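Please look at the sequence and the model before reading the solutions.

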Amino acid sequence: MSAYIALADGRVVEGRSRAPGTGRGELVFTTAYTGYEESLTDPSYAEQVLTFSYPLIGNYGVREERFESDQIQPRVAVAREFTDDVAEWLESEGIPAIDGLDTRDLVTSIREQGAMRCGVAAGPDATPEQAREQLEQCIEMSDHTEIGAQVSVDEPQQYQGSGVKVTLIDCGAKQSIIEALTARDAAVTVLPYDATPAEVADTEPDVVFVSNGPGDPANFEAAGEVVEEFVGETPIAGICLGQQVVARALGGETEKMEFGHRGLNQPVRDLETDRVVMTTQNHGYSVADPGDLAVTQVNVNDGTAEGLEGVDVDVLTRQYHPEANPGPHDSLSFFDDVIEMAENRAPAVASD
Ligand SMILES: NC(=O)CC[C@H](N)C(=O)O
């Protein structure tokens, strides 16, 4: 069974269909060698075609407890070889899967020309023409203006806890971010991506936390308004898209990267301690100007902003994924720092 990927550079790449269907999206690659279940269910990959550069994907099966959301998020999955387990999982969710191609060649194209639009057709009757038609209909990532609605909760959700009250603005949150907070006794209220400042105020947060999420941070204006409203009054935290939204709200700017950072071994230097930690990453935009915030951590490879802090206000954000699902646990202490920031702010509970 054949499969075709029509690239925005005019090429059509042929492979083997492992799950049939058509699809389109921004073609990106991850160098992660484990964590395919977490990556495939990470809402930050919505509207993307995810290529795994590691050649064999699926060698330890598919287990639901490792999922980061309740569905597969990329539009299409591509690898040198998928195991039957993963191919069947993709097929069961209607996500086209392609293997049997030279992913080194695909990754080189993305590195040289940047993340690009593509169209895909896979299955017994697939043709290059169908892939090209998909490409024609494929819009730029930044034009997915309603992407938040695709990945966010519709209604508030509540996680019990005896510690600080975290209000998480769900722009496509990974489940393990919520788990990292509840593991530290936080009471977490998850609100939709477009929650108003009044709705956030009703939850009486000790910290407002903006989650990760897909696409262009410019399309998450409501979350930015919440940050503007609460900064200085209530501590603010953010991960990945959250960092970008927070920076934009506080006078900063974001920009699209060439091909982004996606993998498990991105080195990050803390400017205060001069220590380097290995981090998990999945992003295609970066903070070009931190606005009122200070850059406290940078990427060792390209110098982009990896951590931001408020100068005289309680703000703490990370561009990478400290929840580490998948990935190295080096930076899990971010959650302790966020809890501490919230505790210091939270009025002490009166004891008898
Ligand atoms: N993981 C994320 O939150 C990704 C943030 C944003 N969508 C980007 O690509 O930069």
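Arginine 66 is partly exposed, with 23% relative accessible area, where buried means under 20%, exposed over 50% and partly exposed in between, using a 1.4 Å probe and protein chains only. The model is predicted, so that local features need pLDDT of at least 70 and side-chain atom pairs count only at pLDDT 80 or more, whereas totals for chains, interfaces and linings use all residues. Residues are numbered from 1 along each chain as its sequence is written, and side-chain values use heavy atoms, with hydrogens and water left out.

**Exercise 1.** Determine with which residue glutamate 37 forms a salt bridge, and state whether glutamate 37 is buried or exposed.

Solution. Begin with the criterion, which asks for a side-chain nitrogen of Lys or Arg within 4 Å of a carboxyl oxygen of Asp or Glu. Glutamate 37 meets it with arginine 66, since the closest N and O atoms are 2.9 Å apart. Finally, glutamate 37 is buried, its relative accessible area being 0%.

**Exercise 2.** Find the salt-bridge partner of arginine 16, and explain which parts of the chain the pair ties together.

Solution. The side chain of arginine 16 meets that of aspartate 99 in a salt bridge, at 2.8 Å from N to O. Because arginine 16 lies in strand S2 (residues 12–19) and aspartate 99 in strand S8 (residues 97–99), the pair ties together parts 83 residues apart in sequence. Arginine 16 is partly exposed at 38% relative accessible area, whereas aspartate 99 is buried at 0%. Widening the view, Arg16 and Asp99 are linked with Arg18 and Asp84 in a network of salt bridges, and the structure holds 17 salt bridges.

**Exercise 3.** Describe the surroundings of glutamine 157, naming its contacts beyond neighbours within four places in sequence.

Solution. Glutamine 157 is found in strand S10 (residues 157–159) and is partly exposed, at 33% relative accessibility. With contact taken as heavy atoms within 4.5 Å, and with those sequence neighbours left aside, glutamine 157 touches Val188, Thr189 and Val190. By comparison, the C-alpha atoms of glutamine 157 and valine 210, 53 residues apart along the chain, are separated by 15 Å.

Technical notes. Helix = DSSP H or I, 4+ residues; strand = E, 2+ residues; numbered from the N terminus.
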